Amino acid sequence: MIEQMRVLSFTHFVQGPAATQYLADLGADVITVEPLSGAWERREGSGGIHLDGRSVTFLSVNRNKRSVAIDLKHPDAATALEPLVASADVLLENYRGGALERLGLGYEAVRKINSRIIYASATGWGSRGPMANRPGVDLLVQARTGLASATGTPGDPHAAGTPVVDHHGAALLAMGVLAAYARRLTTGEGTRVEASLLAAGLDLQAESFALYHSGGRRREDLDRHDALACWSIDAPYGIYRLADGASVALAISGAMDGLGAALGSDELEAFDAAARRSRRQEYTELLVGVLGALTYQEVEQRLAPAGFWFERVADYDDVLTDPQVVAEDLVARMPVGDTHARVLRHPVRYNGARPSVTRQPAELGGHTREVLREVGLAEDRIDALFASGAVAEPQTAKVDS
């Protein structure tokens, strides 16, 4: 879809690599510029989980890309970097503020080489303000943006069970690049795109934040029964433990009158909509007791005919074989050496199809020579760069263990 776009990716961890993976899935030629020792997620990755010596974090966010290995601090690095920058439509980076400037790859320096460049930066906290230069990662942003308090309560905060801010930030960063690319196709002009985990963490809470401040709410309004999923949505919206060890999620499906009758509880049925809101703690305690005495099969038999919205709570093992997930073709089996990784596919369909995997995650420096040829460097100059140690191929680019 965007096969004419070339992206230089100076990224690490999850947000930046995931953003360029979205673009690569859509057809962009994404060239990941890595240090000779490899990007962090290639070398380390979360949980120390590796397959065939490769970090699974790396495998999950680096399909459909090419890799070049360049020592950005080497005095000869500019010989390789300048034609790369000149050939690119997008430079995307998520290093801490000032890191690329110190290497001669800041926005103004890059614009002198390529005035039409889309220069996209993602930081933890943004480029302005007192925290601009502080390290910002998913968990710290969940804490700072109130997400941990809203997930738990102000007195008992909880982080989300997965780095949701990283992944939402990646999607927003890719969206910003696509918007700038559409503008460039129309005007011929480049754009400075800036995204942050701080903004992504707040954006995840757009409705909740507006409800809290526009409604004149206070901290204590976020307190709720442990079973309730959200401070701003009336009971019974939440997750409840059942007698057989399963759990059920109950969503609001319009007027909830009749839920008590469907569950066989006159006490619950006595609560109207106003009472469920004003006495939600009492109502939820009653509901916990009623549902705790039923199995999932019994809940399904009682609620499904009445049209209430509910789902059994799944774990990751369940998700892998979920017939709806299978029908939507959302999980891929990626070959890795003599084994395979389970990874998620691109989340959007285009004309009924999901983008395919055209390249497995690349070896470190696996395309260095190929890419340098493409941008016009003569073979003797490329050989000189390899000889000096400014760039490397897989045989000489080694991942630190």
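Which helices and which strand each supply at least two residues of the lining of the largest pocket? The helices are α1 (15-25), α3 (56-61) and α17 (316-321), and the strand is β13 (339-344). The model is predicted.

## The largest pocket

The largest pocket has a volume of about 1200 Å³. Its lining counts 29 residues. Closest to the centre are Ser-60, Tyr-316, Arg-342, Val-343 and Leu-344.

By class, 16 residues of this lining are nonpolar. Eight are polar and five are charged.

## The second largest pocket

The second largest pocket holds about 420 Å³ of space. Its lining is made up of 23 residues. His-12, Phe-13, Asn-94, Gly-136 and Val-137 lie nearest its centre. Eleven residues of the lining are nonpolar, eight are polar and four are charged.

Phe-13 sits in the loop between β1 (6-10) and α1. Phi of Phe-13 is near 65°, a positive value in a residue other than glycine. Most residues other than glycine have a negative phi.

## The cavity

How many cavities of 30 Å³ or more are there? The count comes to one. The largest cavity has a volume of about 40 Å³.

Nine names make up the lining of the largest cavity: Thr-32, Glu-34, Arg-42, Phe-58, Asn-62, Lys-65, Arg-66, Ser-67 and Ala-362. Strands β2 (29-34) and β5 (65-70) each supply at least two of the lining residues. The largest share, three residues, comes from β5. By class, the lining has four charged, three polar and two nonpolar residues.

## How α1 meets α9

Helix α1 also packs against another helix. The axes of α1 and α9 (residues 164-187) come within 8 Å. They cross at roughly 50°. The crossing of α1 past α9 is right-handed.

Which residues make the contact? From α1 come Gln-15, Ala-18, Ala-19, Tyr-22 and Leu-23. From α9 come Asp-166, His-167, Gly-169, Ala-170, Ala-171, Leu-173, Ala-174, Val-177 and Leu-178. By class, the contact has ten nonpolar, three polar and one charged residues.

## A cis peptide bond

Is the peptide bond from Ala-235 to Pro-236 cis or trans? The bond is cis, with omega near 20°. Most peptide bonds are trans. Pro-236 is placed in the loop between α11 (206-214) and β9 (238-241).

## Val-290 and its surroundings

Val-290 lies in helix α15 (residues 280-291). Leaving aside residues up to four places away in sequence, Val-290 touches Leu-263, Ser-265 and Leu-268.

How far apart are the C-alpha atoms of Val-290 and Arg-373? They are separated by 70 Å. Along the chain, Val-290 and Arg-373 are 83 residues apart.

Definitions and conventions
Residues are numbered from 1 along each chain as its sequence is written. This is a predicted model: local features need pLDDT of at least 70, side-chain atom pairs count only at pLDDT 80 or more; totals for chains, interfaces and linings use all residues. Side-chain values use heavy atoms; hydrogens and water are left out. On a 1 Å grid over the protein atoms alone, a cavity is a set of points where a 1.4 Å probe fits but cannot get out, and a pocket is an open set with protein on both sides within 12 Å along at least five of seven lines; lining residues have an atom within 4 Å of a point. Grid points are joined across faces, edges and corners, and a volume is the space filled by probe spheres set on the points. Helices (H or I, at least four residues) and strands (E, at least two) are DSSP runs, numbered from the N terminus. Ala, Val, Leu, Ile, Met, Phe, Trp, Tyr, Cys and Pro count as nonpolar, Asp, Glu, Lys and Arg as charged, and the others, Gly among them, as polar. Axes are lines fitted to C-alpha atoms, for helices over the stretch in contact, and angles run from 0 to 180 degrees between N-to-C directions. A crossing is left-handed if the near helix is turned anticlockwise from the far one by less than a right angle, and right-handed if clockwise. Contact means heavy atoms within 4.5 Å.
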